Amino acid sequence: MKTLWQDINMHKHKTLDKDINCDILIIGGGITGINTLYELKNKDVILVEKNTIGGGITARSSAKITFLQENIYSKINNLDKAESYYECNKLAIKTLVNRINKEHINCDLEKVKSYLYTTKIENIEKIKKEQKILETFKESPQVSNILPNKMLVNYAFSVDNTYVFHPLKYLNELAYKLKDKIYEHTNIINIKNDDNLYYCYTSNNYVIKTKKVILAMFYPYFLIPFLMPFKGNLEKSYITIKKDKNKHFSAINIDDELLSIRYNKDTLITVTNSHNLCFNKNIHDYSWSNHDIITPDYLPYIGFIKNNLIIATGYNTWGMTGSVIASLIIKDIISNKENKYIALFDPKRSKSIIKYSYNIFSSMYSLIGSKLNKNKEYYNNNPIFIKDKAIYVDKSGVKHIVYNKCPHMKCTLLFNETEQTWDCPCHGSRFTIDGDTLVGPANYSIRVK
Ligand SMILES: Cc1cc2nc3c(=O)[nH]c(=O)nc-3n(C[C@H](O)[C@H](O)[C@H](O)COP(=O)(O)OP(=O)(O)OC[C@H]3O[C@@H](n4cnc5c(N)ncnc54)[C@H](O)[C@@H]3O)c2cc1C
């Protein structure tokens, strides 16, 4: 199922058809990869994307460009770190807006006020705490008890200089300007390191020899050296669109039941029902769903995980600015330039073992649950599981047969009736109804040949 953003014609890019060498290889053509490619465009760099530009998590985002990210500055729980993160977000917004203007990118960029609000009396103190923190950063939040769409709330404040845009119009036009350096349908299935060089092998049997690799692939498919399943859990939410001609603004609450609001032209976009992906909720009434990596300290992972191997991920559902922060930091670390924020996002920083254990527990829970339940609670008797295969019969009677184990870590897949996708309940891999990969970490299709 297409998202609102996928309703445009994207430029097509070439596919790799020979072995090549370069200084820097970026793996992944989402907003992280394309922003990073833009920053590095004067170097000997190429970007490979296994499907098409922007087709991953970015196409499923609500695409607010804001530094008001729920109560993140309270959650970071360290004022200096929170202030640094705030500064980075402000810089990211400025960088993105300047770039859109400089490159004349037509991507429905719109300046809107961002609101943080609560409809629960018991959360008023919590929201006031976030407001106070922002005031210490010299913001001037404006307090109200009503949102511009006339929704009454218990407490809200708004900030200026935040934006919304169309993420795929942005990626499409920016990628086109960098087209010489981009390869689509080029899937990296193995990376080997030898003699200070990386050898990256594609599924169509070519090798890219490179000095540095940037993993902009959202969720790396290999465990070592990053141990991703330990270092983040996945938060899933549901996006609904409907026609609405209200004055445009952007808002998000801090209550247990998430409600995030933005507009694009005459469409209202809401995000609701967020939950840990591993503890599935039976939700059907929505336009599309998405998930992102939540890190234990609410800060992204950006930087070296090994010699000349760089990662950028873990944006805690704020990757529009997070990816720009990543691109600016990567540009500096690649050029050996100082950047005072490198330590803040260092992917090798450690966090409490208790938080890591929770991530292991939740994916084990869904691994075992997926084996026991096999979709039963979701979709009655459809699909049917036979040994290692699953058969889904669609409304017109056509059978879709796939392997029912996720190639990543062998969890049993669930069929998502609303979006007509096979979804992994453990680490979020997604496949089309006929088994092609949509979202990683799984890197192989589940098609039955
Ligand atoms: C419900 C929801 C709403 C959100 N709304 C917002 C918002 O309003 N504002 C905001 O700032 N953020 C938002 N986010 C977060 C944001 O969407 C993500 O953080 C961001 O899009 C991540 O971008 P990415 O480039 O890292 O990943 P992706 O867009 O997934 O890009 C990774 C790319 O790598 C490719 N790839 C993977 N493996 C390989 C391989 N082996 N070889 C080649 N290519 C590969 C994939 O195909 C993919 O295209 C939201 C997230 C969710 C869950």
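A residue is called buried under 20% relative accessible area, exposed over 50%, and partly exposed in between, with a 1.4 Å probe and protein chains only. By this criterion C22 is buried, because its relative accessible area is 5%. The structure is a predicted model, in which local features need pLDDT of at least 70, side-chain atom pairs count only at pLDDT 80 or more, and totals for chains, interfaces and linings use all residues. Residues are numbered from 1 along each chain as its sequence is written, and side-chain values use heavy atoms, with hydrogens and water left out.

Cysteines were examined next. A disulfide is a pair of cysteine sulfur atoms within 2.5 Å. The whole structure contains 1 disulfide. C411 and C426 form this link, with an S to S distance of 2.0 Å. The angle about the S-S bond is -105°, and the link of C411 and C426 is left-handed. Helices (H or I, at least four residues) and strands (E, at least two) are DSSP runs, numbered from the N terminus. In these terms, C411 sits in the loop between β20 (399-403) and β21 (414-416). C426 sits in the loop between β22 (421-423) and β23 (430-432). The two are 15 residues apart, and the pair links distant parts of the chain. Both C411 and C426 are buried. For C22, the closest cysteine sulfur is in C200, at 7.9 Å, which is too far for a bond. C107 also counts as buried, because its relative accessibility is 1%.

Grid points are joined across faces, edges and corners, and a volume is the space filled by probe spheres set on the points. The largest pocket has a volume of about 610 Å³. Its lining comprises 27 residues, and E70, K75, E235, I294 and Y298 are the closest to its centre. Two or more lining residues come from each of α2 (72-76), β11 (233-243), β14 (267-276) and α9 (353-373). Residues are classed as nonpolar (Ala, Val, Leu, Ile, Met, Phe, Trp, Tyr, Cys and Pro), charged (Asp, Glu, Lys and Arg) or polar (the others, Gly among them). The lining of the largest pocket holds 8 nonpolar, 12 polar and 7 charged residues.

Of its 24 lining residues, K2, Q6, T52, G55 and L438 are the closest to its centre. This lining divides into 7 nonpolar, 11 polar and 6 charged residues. Domain bounds come from an automatic or database domain assignment. Domain 1 (4-60 + 168-227 + 299-352) and domain 3 (354-439) both contribute to the lining, so the second largest pocket lies between them.

Strand pairing requires at least two DSSP bridges between two strands. Strand β4 (residues 110-118) pairs with strand β6 (residues 152-164) in the antiparallel sense, over 8 bridges. There, S114 has V159 of β6 as its bridge partner. β4 also pairs with strand β12 (residues 250-253), in the parallel sense, over 4 bridges. Y117 stands opposite N253 in β12.

Helix α1 is mostly covered, with 9 of its 9 residues buried. Among them are I31, I34, L37 and E39. K43 lies in the loop between α1 (31-39) and β2 (45-48). K43 is partly exposed, at 34% relative accessibility.

Note on methods
1 Å grid on protein atoms, 1.4 Å probe; cavity = no way out; pocket = protein on both sides within 12 Å on 5 of 7 lines; lining within 4 Å.
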